[in-house]
Structure formats: structure tokens, C-alpha cells
Amino acid sequence: MTESSFQERKTGIYIHIPFCVQKCNYCAFLSFPASEETRTKYIESLIQEISLYNIKPEKTEHYKAEKNKAEQIKTEVDSIYFGGGTPALLEPEQIEKIVYKIKKVFAVTGDVEITLEANPGALGGDEEEIFNKLSEFGKAGVNRLSFGVQSMNDDKLHLLGRVHSASDVVRDFEIARDIGFDNISLDIILSVPTETRDNSTEADNLKSSIDDVKKIIELKPEHISCYSLQLEEGTVFYDMAEGGLLKEIPDAEDRNIYHAVCDLLKNSDYEQYEISNFALKADGETENKYNYRSRHNSKYWDMSEYIGFGLGASGFLKGKRYRNTTSLEEYCRLVREGKKPIEDVYINNEHDFISEAVFTGLRRIEGISYREAVRFLKNENFGNDESVFWGYYSNVRKEAEEFEKNGYLEIDRKGIRLTETGIDISNRIMALFV
Ligand code: SF4
């Protein structure tokens, strides 16, 4: 990564739509079923929340000049991400209104990436309905779809509590292609047990995840995300595991599955650019190399700014991390009163900046360059980037070198990165720099 590329980083916008058809058995996200009336009220509040970021020109005699100034200082936005929840439950006009408002309030670039999480089974009952809804989303500005596939095995989908089947995935994906969507991401969950009791073998579990990934590769999406199943407190799965009804796949087995899936994807024309994310290698010129990486998610890993709108959404703006309230009632009330619905604000200090840069940067396969990390230090100019970095982290250098000696970390003149085996103990390595 060059110095100029991170100086030119633009802001991303995340929009949280917390509504779902039903709660999945593994889900710990802020999401719940809601009536159409609640959804409509929420979207109105969301649009009001976006308006709170409007820069208003002074109504003076120099109004025109003030208006120009306001236009010029608008935040530049090059990615908008509708996540959830299930944003595909919204009407396309609602997405259109939100995009329209964002374009009024922010300086949205011409090549903006607009992603919509579109869960299979949430787009409609028949092909015509799905075709119409996806086409309308496209007209509203959506140019990237992210399908929450999770598995291509109906028994596992049932166990996960999903509302769709494997054939729904293929149907919705093909309809999206027919419409012309040429940037589609598919999410999959690895290490989902094949049986709810103790009788699945290690070979069954490996085969099951590999089969899922093979089936989604056949569709040739531009992007694939693979996350291992996590049992989070408060979920149905957590209670099932506690009650002996679900056998979690052991860590060592999960790591084997993960590496087998990474190998499969890398041998199938996908470049791994982050621990859990893979992009189809773009054809043609080098300048297109990063085409299919998620522009939005990359912002989380390179410390770019992002603004979160909606219930429980978080943001990172002007050196502050913040989180909106998680109470729907409170959210709507605050926005109605013209107040930002922010619950927590944390102002990053110098150490937060550099440690977060290393922590998130190490998630990327290219790792973190010294330049990117030390840009947050006030006295960064005393020495070259490498010596400034190791000067700052002199207390952990020996341990880092130990990780390097054991093949977990690569350290060179430009920066540091995890090796394949280092990914398995990434938390231990990242913790060194926090
Ligand atoms: S669709 Fe996604 S957000 Fe909704 S309940 Fe399932 S996992 Fe959670």
C-alpha cells in the first residue's frame, strides 16, 4: 500500500436494518422480526438521522458563496452498505429514499459501491416477485449484492434456523445475474456440525464444509466470505450446546476445515485478501486487481472512517468511535428531537490509533506496513518508519521475533504479516500490539 493511497481514503456509510423474518439459531446480531408499520417508522427515523449530518449554509447575503462552501466541505463517501438484519425485507422505494438522502447530505463519488445484504428467501415467493424486487433495488442504486448463503445443505440450513433452502440460493443468484448484477458476494459458515448429536466424524465435518464451498464456487460469485461458527451466549445454539444437544466442532478440527477451504478457494481463482474474505481474481490490467474486494469492509481493516446509521450502528469518525443506542424507542425519540442517537463515544488516543491499526491491519493477508501504523504517532518523523515502529513497540519486539522464528509472523523492512499458521493464533499475536 502506498502512502498516498491511505491519505486519499474516503468515508464509508453503514446502514443498519435490524429486521428479520425470524431469528436464526446462531444469531447474536441486533435483529428481530417487526411489523410493516414498525419498519416504516424506522426508515423515517433513519432518514432523519442522516439529515442530522447535513451541513447547512448560513442564510446571509452571501448565501450563494456559503452554499458553495457547504458543498465543498461535505464528507466524501465511496461506499454504502445496507446490513442487518435483513435489508432485503425493505421495499425498494425505501432503499431509494435512503440513498437519495445520503447523496443530498454527503459528497457521494460517481463510482460508489452500494451493497445490500439480500438473504435468499427474503426477496419474495416466486421468480417474478424476486426478479422485480432485485431489479428495483438495482434501480435504487444497489450495485453489489451480498447473499447470506451459510450452507448449501438443507439439513444444515434447517439446523441453523435459516428460512431458505439451497435451491433458493441458486434461484436468487441466477435471477440476480440475469438482471445484470456483476458483483455478488456469498457468505458461508464453516464448521457447522452435520449432526446435532455426537455421531458426526471429523471426516464428515470436513467434507460437509468443503461440499458447501464447492457448490458456491460453481456459481462463480465475485466474492466469498467464510466464517467459522461461533457459539454466542444468548443464542439457541448456545443453549443447545449447554444442554448437550449440539456438539461444537473442536478448535483443531475447525482449523483443518478452514485451511482446506482456503486452499480450495485459492486453487479456484480466488485471492485471499483477509482472514475470512476472498475475491475473484479480476481479469485484465493490474489497476483492476482489487476490483472485487469489498471496498466497504476494507475500511474496517485499514482504519478508514465510516459512519454508522441506524439502531446500534457504530462509527469511526474524526478520531472518535461511537455506537448508537440499541433501544428502538429511544432511537426514534432522539432522532425526532433532532439529536444524534449516540449512546457511547470514545475518543481514540495515540496508542488506540496505532494498536487498532496493527490489530485490524493484521487481518489482511498483506499485513500492516510500518508506514500505515506510524502515521498516527505525533513524532513519527524521528527516524525511518521501521525504526519508529519498533521503537514504539520495543517492549514486545522479542516476543514478536519469537513468533517469527516459529513461523507464525513475517517481519521484513516494510511491515509485518501473519503466516498461514499464524492466522490460527491471530488473537495471541494481535494482543501483543494492543
Ligand atoms: S438473517 Fe442474519 S441477522 Fe437475521 S436472524 Fe439470521 S443471522 Fe441474524
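Author: β11 and strand β12 (residues 342-347) pair in the antiparallel sense over five bridges. This is a predicted model, where local features need pLDDT of at least 70, side-chain atom pairs count only at pLDDT 80 or more, and totals for chains, interfaces and linings use all residues. Residues are numbered from 1 along each chain as its sequence is written.

Reader: What makes β11 and β12 a pair?

Author: DSSP has to find at least two bridges between two strands (E runs of at least two residues). Here there are five, so β11 and β12 qualify. One of the bridges joins K320 to I347 in β12.

Reader: And why do β10 and β11 count as paired?

Author: Strand β10 (residues 314-317) and strand β11 (residues 320-324) share four antiparallel bridges, so they pass too. G315 sits opposite Y322 in β11. The two strands make a hairpin with two residues between them, and K318 in the turn has a positive phi of about 50°.

Reader: Which residues of α2 and α4 meet?

Author: With C-beta atoms, placed from the backbone, within 7 Å, I43, L46, I47, I50 and S51 in α2 meet Q94, K97, I98, K101, I102 and V105 in α4.

Terms used:
Contact = placed C-beta atoms within 7 Å.
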